Amino acid sequence: MPSVPNDPPSFESSATGLVLTGGGARAAYQVGVLQAIGRLRRSAGGRSRFSPFQIITGTSAGAINAAALACGADDFEATVRMIGRAWSGLGPGQVYRADALSVVRSDAPWARLLSAGWLIARWRRSGLRSLLDNTPLRQLLAQMVPLQRLDELMAKGHLDALAVTASSYGSGEHVTFYQAGPQQQPWVRSKRTAVPVRITHDHLLASSAIPFVFPATALDVGGHLEYFGDGSMRQSAPLSAAIHLGAQRILAIGSGRIQEPQDLLAPNALSGYPSLAQIAGHTLSSIFLDSLTADVERLSRINATLALIPLEERHRTALRHVELLLIAPSQRVDVIAARHAHALPPAVRSLLGEPSMPRAAEELKGAALASYLLFEKAFTRELIALGRSDAMERRDAIRRFFGWKRSEAAPDGLRALRRDA
């Protein structure tokens, strides 16, 4: 797993970026990692209230966490506590209404309805635009993300940039909407573009609009409206925005395991023909998880290549070395979801195609899809705890990344962290 070298760079002159990936309810994991970072800074004797991240970027549910964190850049730990309370007390009614699924009989699996053509006919007649109505999420954003603070925070130097990404259904472009100082110039790459804006809650709704599940959001781009969905779609370079915005060191928090144990990848790990929910979960995992792994590998190769070039010659290339620390779940999130999927609303359980959700970790057919929709506090609290534990397991790497040294007088470890949380 990529990490920083033993000799850290000069921290006074380098901007630190935070990259928060997508994953629906899986984004609760990010909160636990951030809680641990706050604890480790205090254990190193840090007294600053300000965010250790000058550049914050996010995608999908990670965009919501990123925006909330950016809006509290002048008090990092208080903001993390606020975000933690929101995720720890979360219920599906705060994110979506399941009314749209009332057209599906609770005892009829989706696959059978599709084969009869009944669901498609009802869908067309009702004019539905998504399986779930995420109107409640807008109300949650109004409480959790005070975007009006961004200008003041940037003017005071607490924050350099915030960026969120979304995918245009019209143009097919992957668009990064960013709010930064006037000196920051937009960038264009193949099928990727950056647009300077004043970020709104609509940008967050667009970035987090899981395809088919939540409705697309209309955004103004260059004077015309385009409809956008989840920013993880077609996102080939999730680290790119932070790099373009000037980050010289990046902490990236993933929402799925980077490598799976081989025994769980055996051909019979999930026996039988795949259910529709299993296929949907596999598709969402491809959208949310695979691109980060590929981008991390690409950055590692660039860093390795640059290391072979003498320092006096590196100015001849546009490439630059970027320190990277990646933290991702140490456990399979779909296995965790399988233990909690029974708590989903009945209409959503019918969508997963299983009348009774899996009760054992090996029964995972609907659990991958469930993990993206499980906005249930029991599940999110377990993910937060996993994030704290994983970050504390990597505390030495985190300290090196930030240049922190542990103060012997300060408490350390998960016990103190749980008390503070």
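Contact here means heavy atoms within 4.5 Å.

## What we're looking at

This is a predicted model, in which local features need pLDDT of at least 70, side-chain atom pairs count only at pLDDT 80 or more, and totals for chains, interfaces and linings use all residues. Residues are numbered from 1 along each chain as its sequence is written, and side-chain values use heavy atoms, with hydrogens and water left out.

The protein comes to 17 helices and ten strands; helices (H or I, at least four residues) and strands (E, at least two) are DSSP runs, numbered from the N terminus. Of its 421 residues, 54% are buried. Buried means under 20% relative accessible area, exposed over 50%, and partly exposed in between (1.4 Å probe, protein chains only). Take the contacts with a separation of 6 or more, and 77% of them come from residues 24 or more positions apart.

## The nonpolar cores

A nonpolar core is a set of buried Ala, Val, Leu, Ile, Met, Phe, Trp, Tyr and Cys residues joined through side-chain atoms within 4.5 Å. The largest one has 89 residues, and I37 and W87 touch the most other members. Helix α2 gives the most to this core, with nine residues. Apart from it lies another core, of 21 residues, including I55, A161, A163 and V296. In soluble globular proteins, nonpolar side chains tend to be buried together.

I37 has contacts from well along the chain: leaving aside neighbours within four places in sequence, I37 is in contact with F53, F76, L251, I398, F402 and W404.

Q30 sits in helix α1 (residues 28-43). Its relative accessible area is 0%, so Q30 is buried. Not counting residues up to four places away in sequence, Q30 touches L20, T21, G62, N65 and I253.

Over in helix α3 (residues 76-88) we find T79. T79 counts as buried because its relative accessibility is 9%. The T79 side chain reaches the backbone oxygen of D75 at 2.8 Å. That's a polar contact, a pair of N or O atoms within 3.5 Å; within protein, one must be able to donate a hydrogen and the other to accept it, and residues adjacent in sequence count only if both atoms are side-chain atoms. Setting aside neighbours within four places in sequence, T79 is in contact with A68, L69 and G72.

In helix α6 (residues 135-144), the buried residues include P136, L137, L140, L141 and M144. They cover an arc of only 145° around the axis, which puts them on the same side of α6; the arc is that of the directions from the helix axis to the C-beta atoms. An α-helix has 3.6 residues a turn, so residues three or four places apart point the same way.

Q139 and A142 are exposed on the other side of α6. The buried residues of α6 pack against α2 (61-71), α3 and α8 (201-207).

A367 belongs to helix α14 (residues 367-373), and at a relative accessible area of 0% A367 is buried. Residues up to four places away aside, A367 touches D334, A337 and A338. A367 and R339 are 28 residues apart in sequence, with their C-alpha atoms 8.8 Å apart in space.

Helix α15 (residues 377-393) has 17 residues, which at 1.5 Å a residue should span 24 Å, and its end C-alpha atoms are 24 Å apart, in agreement. The expected span is 1.5 Å times one less than the number of residues. Among the buried residues of α15 are F379, L383, R388 and D390.

## The strands

Two strands pair if DSSP finds at least two bridges between them. Strand β3 (residues 161-168) runs antiparallel to β4, joined by seven bridges, and T165 has T176 as its bridge partner in β4. The two form a hairpin with five residues between them, where G172 in the turn has a positive phi of about 80°. Five bridges join β4 to strand β6 (residues 192-196) in parallel; here the bridge partner of F177 is V195. Six of the seven residues of β4 (residues 174-180) are buried, so β4 is largely enclosed by the rest of the structure.

Strand β9 (residues 249-253) pairs with β10 in the parallel sense over five bridges, including the one from R249 to E323. Five of the five residues of β10 (residues 323-327) are buried: E323, L325 and I327 on one side, L324 and L326 on the other.
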